[in-house]
Amino acid sequence: MITPELRHLAPRYDVVISGGGPAGMAAAIGAREHGAEKILMIDREREAGGILWQCIHHGFGLHHFGEELTGPEYAQRYLQQVLADDIDVLTDTYVYDISPDRQLKLMSGSHGIRTIEAGAVVLAMGARERTRGAIRIPGERPSGVLTAGLAQKFVNMMGVLPGRRVVILGSGDIGLIMARRLTLEGVEVLGVHEIMPHANGLNRNIVQCLHDFDIPLTLSSTIVDIRGRERVTGVTVAPVDEHLRPDLSRARDIDCDTVLLSIGLIPENELSRRIDLRLDPVTSGPVVNSTMETSANGVFACGNVVHVHDLVDFVSQEALLAGRSAGDYVTGHRPPADNIRLVPGDNVAYCVPHTLSTDREHVVYMRVRKPMEKCTIRFGDVLSSKVKYVFPAEMVNITVKPKFLENFHDDTLRVDVVQR
Ligand SMILES: Cc1cc2nc3c(=O)[nH]c(=O)nc-3n(C[C@H](O)[C@H](O)[C@H](O)COP(=O)(O)OP(=O)(O)OC[C@H]3O[C@@H](n4cnc5c(N)ncnc54)[C@H](O)[C@@H]3O)c2cc1C
C-alpha cells in the first residue's frame, strides 16, 4: 500500500495522532467517528502501518475481523479506512517535541521543520526492542548480535539472511516467530534460551514456531559470554538458579554465527517525557484514565506506547476508544470524570486503564506476575471471574459493566488473581 503524499499541511488540526501503526490508525478512525473534523496522523516511516508490514506471518485479526490475516493485510484494511475517512496522513515525518498546550514540532522530509497546533493529541508511538546493552551480556563486541525484530525486517522486507547458525536469547513472540521463519529459510536455529522458568511468548507461538519445527527451548538458561572478533563465532550458555544467577560450573559452549535477542519491548515515551506525563513504573507507559487520557489535558495515548500488547486486535480496540475520546474532547462531549482507582493486588502486575467511572462499561487489560491454573480474577467484592489459567505472556482482558459498580462507593478497587 502506498500512502499518498500530503501536499498541504494545515497549521492547526482538531486531532493530531503521533504514530501511524495499528494504534494510530484506529485512533484516527475513532476521532472521525466522534466528530473531529480535521485529523492528521503522522508517522516517521515511509508508509503508515507500523510494525505490521514486517509481520508477514498470519495470526492477526482473529478477534477483530474473525479471520486470520497477515500483518500487512491487517494494516491494509485499516489504512484503506483511514484514507476513505479523509484523514490527512503525513509519513516520513518525525514528531520531536510537544508542549503542554499541544503544539507539536515536526521534522518532515517534504515539509521541513514545522510547528502545528492540535485541539487534542493521541500518542501512538509504539514500542522499541530492548538491545544487548539493556541486559549487559558479557563478552566481545562482534557483528552478528541483533534484535529479533531487526532480523525480521532483514528477512521479510529486504530479503537478507542475518546468518546461518543462530542462537536466540529470550522467548518473546518476535524471537519465536523468527525461529520458525529462519528455519523455513534454511537457517539452522540451534535453540531458544529463556532466563525465566516459563516462556515469555504466547502459547500458540511456542507450539507453532518451536514444537512443530523441533527447535529446543531451554528455560532457566541464559547467555553468559559472546565470542568472536569481527563476527560472532560462539556463545556460552549456563543454567540460572531461582535468583536468576548463572551456574558457571554447568556452562556449555555453542558454535554459532548469529545471536538474536528477543528480550522485551520498551514503550517509546520520549515525547511523553517532554510534557512530563505521569508514567507507570511497571508498564513504562503513561498513566491513563478510562478514556485513555493521560495526566495532560487533551493528550490521549494508546497501543504499545501505553503497555506492550500481545495481540494487535486489542491495540485496535483500545486505540478506537482513545480516538473517540479525543473526538469527544474537541467537540465538548466529555463523559463524567472517573471516580475509582484500580489497585493491582495479588499476582497482578498492572491494570490499564488506571481509573474507572461507575457510570460506564470498561474493558480492563492486565498482566499477571506468575503463571497460575484454575484461578479467579477478583475486582474487590464487586466482580469475580473464573479462568482456566493465566500466564505473564498473555494479556488478560475483562469487561466491567456498570451494574457491578453501581453499589460501589469506595474510591479504590483492588484487583487480585487468586487460586480457586
Ligand atoms: C515481530 C512482531 C510480531 C507480532 N506478531 C503478532 C501476531 O502474530 N498477532 C498479533 O495480533 N499481534 C502481533 N504483534 C503485536 C502487534 O503487532 C503490536 O502489538 C502492534 O503493532 C502495536 O501497535 P502500535 O501502533 O502501538 O505500535 P507500532 O506498530 O510499533 O506503531 C508505532 C508507529 O509509530 C511511529 N512512531 C514512533 N515514534 C514516532 C515519532 N516520534 N514520530 C512519528 N512517528 C513515530 C513508528 O514509526 C511506528 O510506525 C507482533 C508484534 C511484533 C513486534
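How many bridges pair strand β20 (residues 340-344) with β22, and in which sense? The two strands pair over two bridges, in the antiparallel sense. Pairing here requires that DSSP finds at least two bridges between two strands. Strands (E, at least two residues) and helices (H or I, at least four) are DSSP runs, numbered from the N terminus. The model is a predicted one: local features need pLDDT of at least 70, side-chain atom pairs count only at pLDDT 80 or more, and totals for chains, interfaces and linings use all residues. Residues are numbered from 1 along each chain as its sequence is written.

R341 has T355 of β22 as its bridge partner. β20 and β22 belong to an open sheet of five strands. Its order is β22-β20-β27-β24-β25, and its pairing is mixed. β22 (355-356) and β25 (383-390) each have a single partner strand, so one side of each is left without a neighbour in the sheet.

The protein chain is assigned three domains. Domain 1 covers 12-128 + 266-335, domain 2 covers 132-261 and domain 3 covers 341-419. These bounds come from an automatic or database domain assignment. The C-alpha centres of domain 2 and domain 3 lie 34 Å apart. Five residues of domain 2 are in contact with four residues of domain 3. Contact means that the C-beta atoms of two residues, placed from the backbone, lie within 7 Å. On the domain 2 side, two of the touching residues are nonpolar, three are polar and none is charged. Ala, Val, Leu, Ile, Met, Phe, Trp, Tyr, Cys and Pro count as nonpolar, Asp, Glu, Lys and Arg as charged, and the others, Gly among them, as polar.

A second open sheet has the order β10-β17-β11-β12-β13, with parallel pairing. Neighbouring strands are turned by 20° against each other on average, direction ignored. Three bridges join β10 to the parallel strand β17 (residues 258-261). T147 is partnered by L261 of β17. α4 packs on this sheet, touching β10, β11 (165-169) and β17, with its direction at about 90° to that of β10. α5 lies across β11, β12 (188-194) and β17, and runs at about 170° to β12. Axes are lines fitted to C-alpha atoms, for helices over the stretch in contact; angles run from 0 to 180 degrees between N-to-C directions.

The axes of α4 and α5 come within 9 Å and cross at roughly 35°. From α4, the contact uses A148, G149, A151, Q152 and V155. From α5, it uses I174, G175, M178 and R181. Five of the contact residues are nonpolar, three polar and one charged.

β6 pairs antiparallel with strand β7 (residues 103-108) over five bridges. D97 has K105 as its bridge partner. K105 also stands opposite T115 in β8.
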